[in-house]
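Hi,

Here is the structure I said I'd pass on.

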Amino acid sequence: MPATSIDFARIEAVLRQASAAAAQHTLPLFRTPLAIDNKLDAGFDPVTEADKGAETVIRDIIAQAFPDHQIIGEEWGTTGQGHHSWIIDPVDGTRAFISGAPVWGTLIGFAIDGVAVAGLMSQPFIGEEFIAVPGRSTYRRGELLRTNQTSGQTELAAARVFTTTPNLFSGEHWSKWLAVEQATRLQRFGMDCYGYALLAAGQADLVIEPYLNTYDIAALVPIIREAGGAIACWDGSEPSGGGNVVAAATPQLLDRALELVNAA
């Protein structure tokens, strides 16, 4: 189904409405004592009432606006089917959220036939919003509104690279992280979705992470692409559905990163 048949002004309005509603659930709970549930029997995958409440209101707003669209959420699963889908991570970076670090964000993506073409990342504590629709990726903070533009970096040796933690690469992927670390100028950790947003804004050049779910990345794909960046799974495939992902400031840098990762 072509993107030209979609009213993206309405898509953008719903993205922003849902984000604002989510903030009413997340902000009052940020930096407060919270009950934390663990999704895993072995390991730690936290979830809080902020995650669950925010996703509930996001889903309600989308369902009212587009009752025939599919909704995919981290906390409440998948409802509906069809060409159009909304992909939600109400609090991407729950570990950051429960630690009081403002690098978590609310992610809402809109996809056509599995490819994300619009998306929003909101960090309501800082008051920042990164949003993209076809032809435009923008940044908003209060009255400040500007176009996102990646750095234009093409060389690995000069690249600033983010990943949430190198521990994600333990085991079979460890050699890949070492290759990236040794080939790049600067590495920073613990950024969650905020790292991808900074790439779109020109403040980072590479973000690389394995084992992502669709709700971790779908909203960020159009924000990066519409800012001039490039993003793919390590095998070169479409990343909207998740997987092992690398995002880059330019297609040239993406090609170099993919070559490096696949040789390691």
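First, some housekeeping. This is a predicted model, so local features need pLDDT of at least 70 and side-chain atom pairs count only at pLDDT 80 or more, while totals for chains, interfaces and linings use all residues. Residues are numbered from 1 along each chain as its sequence is written, and side-chain values use heavy atoms, with hydrogens and water left out.

The cores: a nonpolar core here is a set of buried Ala, Val, Leu, Ile, Met, Phe, Trp, Tyr and Cys residues joined through side-chain atoms within 4.5 Å. Buried is under 20% relative accessible area, exposed is over 50%, and partly exposed is in between (1.4 Å probe, protein chains only). The largest core has 43 residues, and Phe97, Met121, Tyr196, Ile217 and Leu220 touch the most other members. Helix α5 (residues 193–200) gives the most to this core, seven residues. (Helices are DSSP runs of H or I, at least four residues, and strands are runs of E, at least two, numbered from the N terminus.) There is also a second, separate core of 26 residues, with Ala18, Ala21, Ile61 and Ala65 among them.

The helix pair: the axes of α4 (residues 174–183) and α8 (residues 251–263) come within 8 Å and cross at roughly 135°. Axes are lines fitted to C-alpha atoms, for helices over the stretch in contact, with angles from 0 to 180 degrees between N-to-C directions. Contact (heavy atoms within 4.5 Å) is made by Lys176, Ala179, Val180 and Ala183 of α4 with Leu260, Val261 and Asn262 of α8.

Now the loops. Phe125 sits between β7 (115–123) and β8 (128–133), and it counts as partly exposed because its relative accessibility is 40%. Beyond its neighbours within four places in sequence, Phe125 contacts Leu27, Phe30, Arg31 and Pro102. Phe30 is 95 residues away from Phe125 in sequence, yet their C-alpha atoms are 8.3 Å apart.

Arg31 itself lies in the loop between α1 (8–26) and β1 (37–38), and its phi is positive, near 60°, though it isn't a glycine. Asp192, another non-glycine, has a positive phi of about 55°. Asp192 is in the loop between β12 (186–189) and α5, and at 17% relative accessible area it is buried. Most residues other than glycine have a negative phi.

Cheers
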